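Subject: Structure handover

Hello,

Here is the structure I said I would pass on. Please open it next to this message, and read the notes below with the model in view.

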Amino acid sequence: MIVKAKVNAETIKDLTDEQLDSLVYEKASQLDCGTFGEHFTHSAGHVLLCEIFATAVLDGEVHNGGFDQFFYQNARLLPFAMEGLKKIGAHAHAGLLARAMPVYEAHQQNFTSEDDDYERSPELDELDSEYYALPDSYSMRIRFVRDNIEKFFD
């Protein structure tokens, strides 16, 4: 059974970092997918939630398949990821994302809508390696969420 995620002072007070990260991710995923008929709105809380969600998606995708995978699967989250990285203090991550964007865009111009197979951009491999060498953004994200939890309340 799927349960609607509630992010408030009561639900987070005794959570571990992993549980808090999962709760925030689950709440954002539910809004992103419209699980309960609700979607992200332009409210400040929803925008912030989407930005934090996008940083987690970016980190997971890049660690799983590089910037190519993030862009191919979740390009719509790009502006949210960039803002989220800045807000959590992951400026080096944001800088790499900014450098990866034009490489990806140039690579995309070589494909048409008739192309069935997406090919990785080898030009992004070096940026992937630089990203892997950065400190993990997870702790920055958790610290930001804990310090700003009232902004995420339902």
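Ring pairs join Phe67, Phe70, Phe71, Tyr104 and Tyr131 into a cluster. Please keep in mind that this is a predicted model.

The stacked label applies because planes under 30 degrees apart count as stacked. Phe71 sits in helix H3 and Tyr104 in helix H5 (residues 91-108), so this pair links distant parts of the chain, 33 residues apart. Phe71 is buried, as its relative accessible area is 3%. Tyr104 is buried too, with a value of 10%.

The structure has 6 aromatic pairs. Another one is formed by Phe40 and Phe53, which is tilted: the centres are 6.5 Å apart and the planes make an angle of 40°. Phe40 belongs to the loop between helix H2 (17-33) and helix H3 (44-74), while Phe53 belongs to helix H3, so the pair ties together parts that are 13 residues apart in sequence. Are the two residues buried or exposed? Phe40 has a relative accessibility of 22% and counts as partly exposed, because buried means under 20%. Phe53 is buried, with a relative accessible area of 5%.

Next, look at helix H4 (residues 78-88). Its buried residues are Leu78, Ala81, Met82, Gly84, Leu85 and Ile88. Viewed down the axis of H4, they fall within an arc of 170°, so they line one face of the helix. Which elements cover these buried residues? Among them are H3, H5 and helix H7 (138-147). Just after H4 comes Gly89, which takes a positive phi of about 90°.

Last, the packing of H4 and H5. The angle between them is about 155°, and their axes are 8 Å apart. Angles over 145 degrees count as roughly antiparallel, and H4 and H5 are therefore roughly antiparallel to each other. Their crossing is left-handed. On the H4 side, the residues that meet H5 are Leu78, Ala81, Met82, Leu85 and Lys86. On the H5 side, the residues that meet H4 are His91, His93, Ala94, Leu97, Ala98 and Met101.

Regards

Methods: Residues are numbered from 1 along each chain as its sequence is written. This is a predicted model: local features need pLDDT of at least 70, side-chain atom pairs count only at pLDDT 80 or more; totals for chains, interfaces and linings use all residues. Side-chain values use heavy atoms; hydrogens and water are left out. Rings of Phe, Tyr and Trp (its six-membered ring) pair if their centres lie within 6.5 Å; planes under 30 degrees apart count as stacked, over 60 as edge-to-face and the rest as tilted. Helices (H or I, at least four residues) and strands (E, at least two) are DSSP runs, numbered from the N terminus. Buried means under 20% relative accessible area, exposed over 50%, partly exposed in between (1.4 Å probe, protein chains only). The arc is that of the directions from the helix axis to the C-beta atoms. Contact means heavy atoms within 4.5 Å. Axes are lines fitted to C-alpha atoms, for helices over the stretch in contact, and angles run from 0 to 180 degrees between N-to-C directions. Angles under 35 degrees count as roughly parallel, over 145 as roughly antiparallel, 65 to 115 as roughly perpendicular and the rest as oblique. A crossing is left-handed if the near helix is turned anticlockwise from the far one by less than a right angle, and right-handed if clockwise.
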